Amino acid sequence: MAKMKACEAMVECLRAEGIKVVFGYPGAAICPFYDKLMESDIKHILVRHEANGGHSANGYARISGKPGVCIATSGPGALNLIPAIATAYADSIPLICITGQVNCDQIGRDVFQEADITGSAEPFVKHSYLVKNASDLPRIMKEAFYIAGSGRPGPVLIDVPMDVQNTEIDFEYPKKVEIRSYKPTGKGNMAQIKRVIKALEEAKRPLICVGGGVFASDAKEEITRLSEIMQIPVITTMMGISAFSDDNPLFFGMLGMHGVRAANKAVKECDVLFLVGARVGDRAVRMPLLLEESTKIIHIDIDPAEIGKNVSTNIPLVGDAKLVLRQMLSYAEPDRHDDWIEKLNSYVSEPVYKECDEGTVNPRKFISKLSDKMPENTTVVADVGQNQIWTATSYKMRGGRFLTSGGMGTMGYAIPAAIGAKLADKSHEVVAICGDGAFQMSFMELATAVQHGVDLKVIVMTNHYLGMVRELQKNHYDDRLTAVSLEGSPDFITLAKAYGIPCMRVTNESEGEEAIKKLSEEKGSFFVECVVGDFHATLNE
């Protein structure tokens, strides 16, 4: 044991967990911790808004496979983290959120910058702690990392009063965690696994639907092997994009209200649907009752609460996807479904791109051509709105990662998440694709990228509107457009130049070709504004 202040012990806990990078924004109530963090070898990334620290930690966690760490002070600093906490919770991303708090004797007295962050964030955390005994901090930190990263991953909040941070303790980091009420399931039940294999073997038109849980359990290799051995076609939810290579002949795209025709036809016509780490929410399956009537449904998920929540399940299987799929692979026999695969191939068609107005480009066509030129291991971070759908359905993922805010649909996610993703693995190119609405929610993080030498490729699709809301108003509200014009926005090229980032504007196809060449070949950061017309999120434009 070593004597030290609790704030120093917090830093030692992070070091013991192998944390190399943290994201945050300091303030008085978290200054004791920051003072000790400065003395460590942990790199701190100063963001320009606390929520973006959470989104950066989100991107970092998704690429590194370990919990990301974000930090904020008390009051408004902590409360600003809530959108990022909710975003991580909805998509099952492991975060450790450390917040400062006023002194223990001031809690509940409405003093300066006091806010009940544990109560405020309660609906969106996997667990939270308000630390009142400094000696508990090592155990709490150990538990927090275990809870965040095990089972169904998610955010854990640790709120530490200022006087607790300054209390001297005997520090020893626990070697293991024992939480009586928390025992996440790992391996699947063997009887259920045999039922799953039997159902897949008997199926004439089997289909695998992959969700974000495949990334959480690092099961990409296992799902590919199972699909190829048993010759079962694969589709993904939006969160599952890049879990299965787009150029694999067994892959038929993303399903859902904005998905591709082949994937949606496959769901309607399959006789066995095998869901792996997918919650199949309303954007993926709009009429679950019709699906349940015609299809045998198998569902693997680490979280038993997800199984049967949105779609009734014939064969439920609780467990970690990687472990369960490995168990299945020991029983899987080679199979063929040539007629079924041929039928699905008949639903695949080359995209038909809508003609552009003069001075604009087709966003789908631009993104598709970009994917042909970027390195195969590129990480693509899509923001929320029309740009998200264009990217999800037009960028061909062949070895890289696709990141977005799926469950919460949080605008402003892309730029900070891209920063976190790049810091987690600098060997991969990272491209952030935004709409002009979402970009203006977090463009200040370009300063973060410049300050810390984070090289990003940024694309902004400019149509001077909140495009997705405009589309809804046109289609469902008699074209009564209200509160969707982005008139008054800055000149984005001038803005990029102000940050010292090389840039160009694209208003036609030839300029698009030049921009794609620069994005794919130039080292360092590069910013592209694509001027797009009145395109919808629907396909075949």
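Modeller: Arg139 is partly exposed, at 36% relative accessible area. Partly exposed sits between two cut-offs: buried is under 20% relative accessible area and exposed is over 50% (1.4 Å probe, protein chains only). The model is predicted, so local features need pLDDT of at least 70 and side-chain atom pairs count only at pLDDT 80 or more, while totals for chains, interfaces and linings use all residues. Residues are numbered from 1 along each chain as its sequence is written, and side-chain values use heavy atoms, leaving out hydrogens and water.

Arg139 pairs with Glu143 in a salt bridge, 3.1 Å from N to O. The term requires a side-chain nitrogen of Lys or Arg within 4 Å of a carboxyl oxygen of Asp or Glu. Glu143 is buried, at 11%. Both residues belong to helix H7 (residues 137-149), 4 residues apart, which is about one helical turn. Helices (H or I, at least four residues) and strands (E, at least two) are DSSP runs, numbered from the N terminus.

Lys3 and Asp170 form a salt bridge at 2.9 Å, N to O. Lys3 is in strand S1 (residues 2-5) and Asp170 in strand S8 (residues 168-171), so the bridge ties together parts 167 residues apart in sequence. Lys3 is exposed, at 58%. Asp170 is partly exposed, at 41%.

Lys518 and Glu522 also form a salt bridge, with closest N and O atoms 3.4 Å apart. Lys518 is partly exposed at 25%, and Glu522 is partly exposed at 30%. Elsewhere, salt bridges with shared partners join Arg152, Asp303, Glu306 and Lys309 into one network. The count of salt bridges comes to 28.
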